[in-house]
Amino acid sequence: MATLRLGDTAPNFSQDSSEGPIDFYEWAGNSWVVLFSHPADFTPVCTTELGKTAALATEFAKRGVKPIALSVDPVGKHKEWIADINETQNTTVNFPILADADRKVSDLYDMIHPNASATATVRSVFIIDPKHLLRTTFTYPASTGRNFDEILRVIDSLQLTDGYKVATPVNWKDGDDVVIIPSIQDPAEIAERFPKGFKAVKPYLRLTPQPNK
Ligand code: BEZ
């Protein structure tokens, strides 16, 4: 499998999950998707990550995003683990965990990095848009839990770019000024798109208030 790159079509698959068999494209529908892998069931860091994902259900839903996790263990084990996650993280896991015991999806998405571990998936994240295009990937080691606020922040940035032709500067947070993307040069278009105005720090660095606030 060639490495998946940004802008590629995220490949479809069918796989069993904690919520029954899933055809990925059918399950995704018109939503954005966060597909993320875990080294194994009953591991401590993953337990906290899955609890946090469940706790952020409203935040994902607000953005039209469906989370789906993956671990290379069978459904029965996932279900037992989910009971532990709900108990220890004080939440209700409300999204599927792919049961990728045959590594079909892990191989398809290159989630096993043999020099890190021959058997366990690393912590991969794939942010996929409603056209099934891969918009963001990142990869963490097994020992480092991911920052799910950062996942939401990246989704906000991508959706701002799609909706308003703005990009987000360093350490941007929701509500901060954003930058007008360089391809927008026509003054009439700028005036129409950014009625709140903009500040040109340099001709190529034009700050404007976040348009959807
Ligand atoms: C975990 O998944 O919790 C984990 C995996 C490898 C090292 C440390 C933690």
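Start with strands β9 and β11. β9 covers residues 178-180 and β11 covers residues 205-208; they run antiparallel and two bridges join them. Here, strands are DSSP runs of E with at least two residues, helices are runs of H or I with at least four, and both are numbered from the N terminus. Two strands count as paired if DSSP finds at least two bridges between them. Across this pair, Val179 stands opposite Leu207 in β11.

A word on the source. This is a predicted model, where local features need pLDDT of at least 70, side-chain atom pairs count only at pLDDT 80 or more, and totals for chains, interfaces and linings use all residues. Residues are numbered from 1 along each chain as its sequence is written, and side-chain values use heavy atoms, with hydrogens and water left out.

Back to the strands. β11 also pairs with β10, antiparallel, over three bridges. Ala200 has Arg206 in β11 as its bridge partner. A hairpin of two residues links β10 to β11. Put together, four strands make an open antiparallel sheet, ordered β8-β9-β11-β10. The edges are β8 (166-167) and β10 (199-202), each pairing on one side only. Strands of a sheet pair through backbone hydrogen bonds, either parallel or antiparallel.

Next, a second hairpin. β6 (residues 123-128) and β7 (residues 134-140) run antiparallel, joined by six bridges. Val125 stands opposite Phe138 in β7. Five residues lie between the two strands, and in that turn His132 has a positive phi of about 70°.

Now the ligand. Which residues are around it? They are Pro39, Thr43, Pro44, Val45, Cys46, Arg123, Ala142 and Ser143. The cut-off for being near is a heavy atom within 4 Å. Helix α2 (residues 44-55) gives the most to this shell, with three residues. By class, the shell has five nonpolar residues, two polar and one charged.

A backbone N or O atom of Val45 lies 2.7 Å from a ligand oxygen. For an N or O atom in the Arg123 side chain, the distance to a ligand oxygen is 2.9 Å. For a polar backbone atom of Pro44, that distance is 3.2 Å. Taken alone, the ligand exposes 250 Å², and the protein buries 68% of that. Those areas are Shrake-Rupley, with a 1.4 Å probe.

Notes:
Polar contact = N/O pair within 3.5 Å; in protein donor to acceptor, adjacent residues only side chain to side chain. Nonpolar A, V, L, I, M, F, W, Y, C, P; charged D, E, K, R; others polar.
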